[in-house]
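Hello,

Here is the structure I promised to pass on to you. Please have a look at it, and then read my notes below.

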Amino acid sequence: MIELCNVSKDFGPTPAVSDFSLKIESGAFFVLIGPSGCGKSTVLRMINAMIVPDKGHIEVRGENIRAMEPEKLRRGIGYVIQSAGLFPHWTAADNILAVPHLLKWSPSKCAARLDALVTMVGIEAALLERYPKQLSGGQQQRIGVARALAADPDIILMDEPFAALDPVSRVALQEELRGIHARSGKTIVFVTHDMDEALRLATGMAVMNNGRLIQAGTPASILLAPADDFVRDFLGGESLQLRLLDLVPVRKLMKPGNARATGTIAAEASLKAALNLMLARRCASLGVEGERGARLGEIHLSDIIARRDAS
Amino acid sequence: MPKVHDRVLLALSTLGLAGVFFGGFLNFAPNRLATGVAYPLSQAPSLQAAAAMAGLCGLALLSFARAQKLWSFATILAAALILWGSLAGAGHFAAILMQAGPPAARASLGPAFWTLASVAILAIVDAVQRGDFGFLARASIGAAICAGFFLMAAAGDFDNLSLAREFLNNRGVFVTELFRHLGLVGAAIFFALMIGVPLSVLVLREKAAAGFVLAGLGVLQTIPSIALFGVLIAPMSKLSEELPFLRSLGINGTGPAPAVLALTLYALLPLVRGFYTGFSEVAVEVKDAAAAIGFGWRRRFIEVELPLALPALVSGLRVVTIQAIGFASVAALIGAGGLGTFIFQGIGQYALDLVLVGALPVIVLALLVNLTFEMLLGLARRNL
């Protein structure tokens, strides 16, 4: 779907990205992560030709982007940035429909799409006629996400989209985005420096440092086998094991059993949540419940500790 | 003690009262050179004087009332009463005094009149702004006030005032000089745009050039206008001596050419600075987002950057125009004509009313231009 082959880019004397190769499969929620200035935003901006690499080539949907008109390429790729970057002189609705207008959609098609987007991203209809400065940060970013989705592109690039939001809006938007990804099967390339955010969202991820790709894989494979000390430290050092628990649902380690327990937990909750509840209740086992509160089995502390690769 | 709700209005009405008590309303002199006698408002025809005083008291009382739409109307009405009362009072008073005086006698408006007129106009402007009137309401208020003035003028109410006499004596020349003035300003703004727009593009493209260009234009701006007009005379006459084709175009050391050149130079700094700040203050993220979702550069400029920079552009143009209207008065000194002609003629002949024939229209022009640009600015900022 997206392939970067031996891509390099210099800004002045220091290389921003060097010899970077990566393949992102169709339908992935792919997170580029690394410390500030590691080149992850540069990589992202090369995918929609906002930055042209000095060396190497990039293919999108099997086509070398150098052969494409940049405007045309960009209209087919959604783009969201940290500050939303909404046009301050346009209403929220006009902002959302920016790309459909560029593509000269008919008014009725635009209206129908707007309706669909408002439901999809969770925007109150009353906000549509407001101007960006009349919206909160969270509302602005929802409009920004809706703008990226407007023309129904199969690829969306997001550059630290939720970094400036308060924790509550951030988690709400992350959930919204995860749902949108699951339902639509779009390919999302997402840049962040927040490991919790990355682990919450990613189906695949790449860790970068100093313009180089250090390790790529699924979140679990990276957590289980960090390539080097940098990755280990970046993943959180001491809390690495706890983070790993965050990736595994209780369902995977559940055993049959119906013993009386001091607490119950949902089968889809993470092992980390289970461990947290055990610590809170000072107990070594919990009952496991299904979606409607039906008892499914139980989970034991010893199993969590003894767990091998549970993913 | 009742609560003061509007300090501005109270200050204005106090100022008006002070003017009435301490300043002469009409100055009557047997001829242009004699000092003459100052007559207070109390000796003016009683009906008009009473109207003006009633308006003034009304304003003072209104400053204790809570601001409402009705309040704005009442304020405008009271102010109009002051304005019309003092205008008619001055006219009729002058007629009475002139009947008894010698033919060369002059009745000129005194400080009390000017204070009352300014107070009335300021009160109207303030009330209109606070009243949050729509465009149509503002226009009709302005039209009504002006209509009163022109009706009185047409009825010959002002014919005995020396200001009106000076104006009527120069009526033909006045129109010529007014258009000359506007021509100087228009030409200067045209040339300033021709030079300023490319210069702004340069400054925006090459950030390194920005400091240099703006500093250079800043130096130009600090040269006093008379000095700049004077400095241009020598090189311009030299130039027209060397190049006969320039001379055939009427370009000389004196006259409109150096005046337009000087006005253009003055206009460049505010213009380029307005363009520079306007475009450079468009948020980087917004430009970036526009490019990233597939706007081409032309569309990005027209649909995003231009509308966002527009308020600063209009502000820059406003400063430039108002400044040029003022500076163009000085251009009369180097023979460029314009309304300044009356000002310098009046100073030379010790005819202060003739000075006003030049100065008042300059003020009115500047105010009108300001008003127009305020409206344009309102439009440009509508959605920002």
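A definition comes in handy before the details: the expected span of a helix is 1.5 Å times one less than its number of residues. Please keep in mind that this is a predicted model.

Let me begin with helix H9 of chain B, which covers residues 225-242. How far apart should the ends of its 18 residues be? At 1.5 Å a residue the helix should span 26 Å, and its end C-alpha atoms are 26 Å apart, so the two values agree. H9(B) also has a kink of about 30° at Ile233(B), shortly before the proline Pro235(B). Which residues of this helix are buried? They are Phe229(B), Met236(B) and Ser240(B). The cover over these buried residues includes three helices of chain B: H10 (244-248), H11 (256-280) and H13 (297-330).

Chain B has 15 helices and three strands. Along its principal axes, its C-alpha trace spans about 75 × 60 × 35 Å. Of its 384 residues, 40% count as buried. Where contacts in chain B join residues at least 6 apart in sequence, 75% of them are between residues at least 24 apart.

Chain A, in turn, has 13 helices and 13 strands. Its radius of gyration is 22 Å, close to the 19 Å that the globule rule gives for 311 residues, so chain A is as compact as a globular protein of that length. Taken along the principal axes, the C-alpha atoms of chain A fill a box of roughly 65 × 50 × 30 Å. Buried residues account for 38% of the 311 residues in this chain. Among contacts in chain A with a separation of 6 or more, 63% are between residues 24 or more positions apart.

Where do the two chains meet? In all, 17 residues of chain A are in contact with 15 residues of chain B. On the side of chain A that touches chain B, helix H2 (70-75), strand E6 (77-81) and helix H4 (98-102) of chain A each supply at least two residues.

Asp152(A) has a positive phi of about 55°, although it is not a glycine. Asp152(A) sits in the loop between helix H6 (137-149) and strand E7 (155-159) of chain A.

Asn210(A) is another residue other than glycine with a positive phi, here near 50°. Its place is in the loop between strand E9 (204-209) and strand E10 (212-217) of chain A. Asn210(A) has 16 other C-beta atoms within 10 Å and is partly exposed.

Finally, Gly39(A) lies in the loop between strand E3 (29-33) and helix H1 (40-47) of chain A. Why does Gly39(A) count as buried? Because it has 23 C-beta neighbours inside 10 Å, and the cut-off for a buried residue is 20 or more. Leaving aside residues up to four places away in sequence, Gly39(A) touches Ala16(A), Val17(A), Met208(A) and Gly211(A). Gly39(A) and Glu197(A), by C-alpha atoms, are 19 Å apart in space and 158 residues apart in sequence.

Enjoy exploring it!

Best wishes

Technical notes. Residues numbered from 1 in each chain as written. Chains lettered and ligands numbered in written order. Predicted model: local features only at pLDDT ≥ 70, side-chain atom pairs only at ≥ 80, totals over all residues. Helix = DSSP H or I, 4+ residues; strand = E, 2+ residues; numbered from the N terminus. Bend = angle between axes of the 7 residues up to and from the residue. Buried ≥ 20, exposed ≤ 12 C-beta atoms within 10 Å, placed from the backbone. Contact = placed C-beta atoms within 7 Å. Rg over C-alpha atoms; globule rule 2.2 N^0.38 Å.
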